[in-house]
Amino acid sequence: MHSDIEMPKIIDVGDWIDLRAAEDVFIPIGQFKTISLGVSMELPEGYEAHMVPRSSTFKNFGVLMTNSLGVIDNSYCGDNDIWRFQAYCVFGGLMRNGVKGTLIKKNDRICQFRIVKKQPDVEFGKVERLDNADRGGIGSTGIR
């Protein structure tokens, strides 16, 4: 872990743990950057981490996480297996060298993670029918 990045900590409100940018990164609108979070972890055996943007990340920085959800397997645990946030800039009000974009500063909280049990071992089989009632397809529960 970078010594100048605040250590992740569990907070009293919420179930997710915030992670911070480990570097200053300017991202032009329409561009993609991988942002170091400055941490590597050894997760408990049988667990993995799920990483998502914080609810305020888009509002504050104008970026989306490119793969929607980051999955960190417990095998990703070496000294150089540094966690990263993949960001795509949609909007930003900062100009740098005539280019409009956003700036994420070192120690800005940009994403969050939680540790969850890995999926149990499953077996798949081929069947002719499922013999269950159809739910009605995507969007079948309506708009409201």
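1. In this predicted model, Tyr 47 stands opposite Lys 117 in β10.

2. A separate point concerns the open sheet of three strands in the order β2-β9-β8, whose pairing is antiparallel. Its edge strands are β2 and β8 (94–96), each of which pairs on one side only. Neighbouring strands of this sheet are turned against each other by 50° on average, direction ignored.

3. Within the β2-β9-β8 order, the antiparallel strands β2 and β9 (residues 99–104) are joined by four bridges. Ile 27 has Thr 102 in β9 as its bridge partner.

4. Another open sheet of three strands has the order β3-β7-β5, again with antiparallel pairing. Because β3 (32–36) and β5 stand at the edges with a single partner strand each, one side of each is left without a neighbour in the sheet. The twist from one strand to the next averages 40°.

5. β3 and β7 run antiparallel and are joined by five bridges. Here Lys 33 has Ala 87 in β7 as its bridge partner.

6. On the packing: the largest nonpolar core has 24 residues. Those with the most contacts inside this core are Ile 35, Leu 37, Trp 83, Phe 85 and Ile 110. The elements that give two or more residues to the core are β1 (17–20), β2 (25–28), β4 (47–53), β5 (63–65), β7 (84–89) and β10 (109–117). As a general remark, nonpolar side chains tend to be buried together in soluble globular proteins.

7. Which residues are in contact with Ile 35, leaving aside its neighbours within four places in sequence? They are Ala 21, Glu 23, Val 25, Ile 27, Trp 83, Arg 84, Phe 85, Ala 87, Ile 104 and Ile 110. Among them, Trp 83, Phe 85 and Ile 110 are also listed with Ile 35 as having the most contacts inside the core.

Key. Residues are numbered from 1 along each chain as its sequence is written. This is a predicted model: local features need pLDDT of at least 70, side-chain atom pairs count only at pLDDT 80 or more; totals for chains, interfaces and linings use all residues. Side-chain values use heavy atoms; hydrogens and water are left out. A nonpolar core is a set of buried Ala, Val, Leu, Ile, Met, Phe, Trp, Tyr and Cys residues joined through side-chain atoms within 4.5 Å. Buried means under 20% relative accessible area, exposed over 50%, partly exposed in between (1.4 Å probe, protein chains only). Contact means heavy atoms within 4.5 Å. Two strands pair if DSSP finds at least two bridges between them. Axes are lines fitted to C-alpha atoms, for helices over the stretch in contact, and angles run from 0 to 180 degrees between N-to-C directions.
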